[in-house]
Amino acid sequence: MSKTNEATSMRDLLCASLDESHVGERLSVCGWVAKRREHGEHLAFLDIRDRSGLVQAVVAGSLDVRSEYVVRVTGTVSRRPEGTVNDRLATGRVELTDCDVVVLSLAEPPPFQLDDRTEIDEQIRLRYRFLDLRREPMQHNLRLRAVVNAALRRSMDAQGFCEVETPLLWAPTPEGAREFVVPSRLHPGEFYVLPQSPQIAKQLLMVGGFDRYYQIARCLRDEDLRADRQFEFTQLDLEASFVTQEDILGFVSNAVLDAAEAVTGVRPEAIGSMTWAQALDQYGTDKPDLRFGMVLQDLSSVFAHTEVKAFSATTVKALRVPGGASFTRSRLDQLTDQAKELGAKGLAWFRIVGDGLESPLARFLSEAETRAIATLDDASEGDLVLCVADEHQLACKVLGALRVTLGSPPVSEGPHHYVWVTEFPMFEGVDEDGNLQAAHHPFTMPHLDDLELIESDPLRVRSQAYDLVLNGWELGSGSVRIHRADIQSRIFSALGISDEVAESRFGFLLGAFKYGAPPHAGFAFGIDRLSAIFAGVENIREVIAYPKTQSGADLMTGAPKGITDRQIRDLRIRVVAKGS
RNA sequence: GGACCUGUGGUGCAGCUCGGAGUGCACGCCGCCCUGUCAAGGCGGAGGUCGCGGGUUCAAAUCCCGUCAGGUCCGCCA
């Protein structure tokens, strides 16, 4: 008897493990009936499926089993007769014969077929997720994710990090993402919140002397959902003391590359980096997809003294679209609409034709301007050049979005291009009260060369914050934290956070820092997103066992739901009717 | 809060522009036949509030308005 570590009291091995080495042995497998092919009352074939795959069982005589019945099949492993080998099946050279079939569980016909022949509407998949999980793609994706998790834990352990769990019931800190709120039964009128990240908890671990912490942490944010965003998501969260930014980039690179190697078998090259300003300038985004070119070009100097009103702006950016000259007018209108939605005043387009440019604007351009566009980025006949003239950041972002629309390959395609984006700005824009907003979070350490600018020119202050980007997806972000009270108070003051407000919101953190805070820095990246890209799927729901819909519903359980009057009473809360 | 796409037997689609009987295809399901199939095959059968509500019309799956659900995106996500 061949024993494997998949053997249990009920089975000897997994279906797909059966091969010619077992020929002659009498073995048991357990699984679901994937398919039944009957040939009268003397012969029937059963495809038995478990998580590993299929194996064919040959049954002499009729038997009363249907699709998805759970069975234990004991049979003799036999070579298939001449001419009946199935090359499309991993176990296609063998079959189980002289089978005893024990029905362990009956099954109604499933609401959708569990083979891979048709794509099932996601609404139905989610309603019957337990059946969807039985199918190969979900089996593959969740197992791939488990490989990622295991590799990350191994990597962090090997790098000397200590796994520490932090609370899910935490104190409200009304900054950043909207928090999920949990009413307290024992303290009526008071609330916990679910952490949008273990940010403060892990910084306190640094004060607590755990100089290398990590956790595979669930984070919860009550913000609108997207293809790459669920209410709850999982991060590899880490923080370390007595380190610089370079140390953190090294730790995270190791972890991500270890995970990539575990999944693909090949260790990617070291992860390169660019500054935030470069990313914006060349790709029009802080999460550049480096799988394809179409780098943004800058024509500001060419148009510095232009006669053309549409191009009188601080920045003129251009994007060459190879072969784009064949776009129809309605396609160009679509792109223009997209540009306007993103805030551009308009979108100028130029078809590159034999003897120059074809465009409504062509006749207004000077000779130098025409030449600059016609020769842009090695442009050749048949290309299209799109231009946006505006304030620098807007012009870049609009063309960056068009670059993605026009050039981005599917998630499942192309190599994995990791890149670090560093030197994010410290502040971005202002809130309703006219106060500066922290680009990352208020505990982020400014770039030491820019400390002087905090008061004089805050928008130019660079921070020691960094993102990890993979194929245009933001995997995660981190920063060096402020551990000095004087700098922290200058930042709070720049953000318009008074001492009193700071004390009430983060008092316990600031208080802790008075007792000896080591210099520290950290990072967190999304395991859902990383796994989705490894799995080649466009949507993180495909790597989550029980995801929610875009409206935040769980179609299987029906959550969110009402609770009983008793529960409401115990919590001392009141439900107010919608619309009142 | 907003834009766009989708909703038709259990499943996946077609039908919708240009209104005319719930019409069609494939899978599944049920019954019968079939001793080497593996997308098994043959014969027969059941199965529908065309998401829901209203309107236009002699007549609505089809046109209009509203609404619900799912999706993609903008806002939002320190």
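The buried residues of helix α4 pack against β9 (212–220), β10 (232–241), α12 and β22; two residues are in contact if their C-beta atoms, placed from the backbone, lie within 7 Å. In this predicted model, local features need pLDDT of at least 70 and side-chain atom pairs count only at pLDDT 80 or more, whereas totals for chains, interfaces and linings use all residues. Residues are numbered from 1 along each chain as its sequence is written, and chains are lettered from A and ligands numbered from 1 in the order in which they are written. Helices (H or I, at least four residues) and strands (E, at least two) are DSSP runs, numbered from the N terminus.

Helix α4 spans residues 199–207, and its buried residues are Gln 199, Ala 201, Lys 202, Gln 203, Leu 205 and Met 206. A residue is buried if 20 or more other C-beta atoms lie within 10 Å of its own, exposed if 12 or fewer, and partly exposed in between. Gly 209 follows α4 and has a positive phi, near 90 degrees.

Strand β22 (residues 520–526) contains His 520. His 520 counts as buried because it has 24 C-beta neighbours inside 10 Å. Although His 520 and Gln 203 are 317 residues apart along the chain, their C-alpha atoms are separated by 7.8 Å. When residues up to four places away in sequence are not counted, His 520 touches Gln 203, Met 206, Glu 239, Ala 240, Ser 241, Val 243, Arg 481 and His 483.

In helix α11 (residues 485–494), the buried residues are Gln 488, Ile 491, Phe 492 and Ala 494. These residues cover an arc of only 160 degrees around the axis, and therefore lie on the same side of α11; the arc is that of the directions from the helix axis to the C-beta atoms. Ala 485 and Asp 486, on the other side of α11, are exposed. The packing partners of the buried residues of α11 are β18 (427–430), β19 (436–438), α10 (453–456) and α12 (499–513). After α11 comes Gly 496, with a positive phi near 75 degrees.

Chain A is divided into domain 1 (15–105), domain 2 (118–275 + 519–580), domain 3 (293–407) and domain 4 (424–463 + 484–517), with bounds that come from an automatic or database domain assignment. A distance of 66 Å separates the C-alpha centres of domain 1 and domain 4.

Helix α6 (residues 276–283) packs with helix α9 (residues 392–407) at an angle of about 60 degrees, and their axes are 7 Å apart. Axes are lines fitted to C-alpha atoms, for helices over the stretch in contact, and angles run from 0 to 180 degrees between N-to-C directions. The two helices α6 and α9 are therefore oblique to each other (angles under 35 degrees count as roughly parallel, over 145 as roughly antiparallel, 65 to 115 as roughly perpendicular and the rest as oblique). Leu 280, Asp 281 and Tyr 283 of α6 make the contact with Gln 393, Cys 396, Gly 400 and Arg 403 of α9.

Most residues other than glycine have a negative phi, and most peptide bonds are trans. Phi of Glu 68 is positive, near 75 degrees, and this residue lies in the loop between β3 (53–60) and β4 (70–79). Glu 68 counts as partly exposed, with 19 C-beta neighbours inside 10 Å. Asn 471, in the loop between β20 (465–470) and β21 (473–480), has a positive phi near 50 degrees. The peptide bond from Ala 559 to Pro 560 is cis, with omega near 0 degrees.
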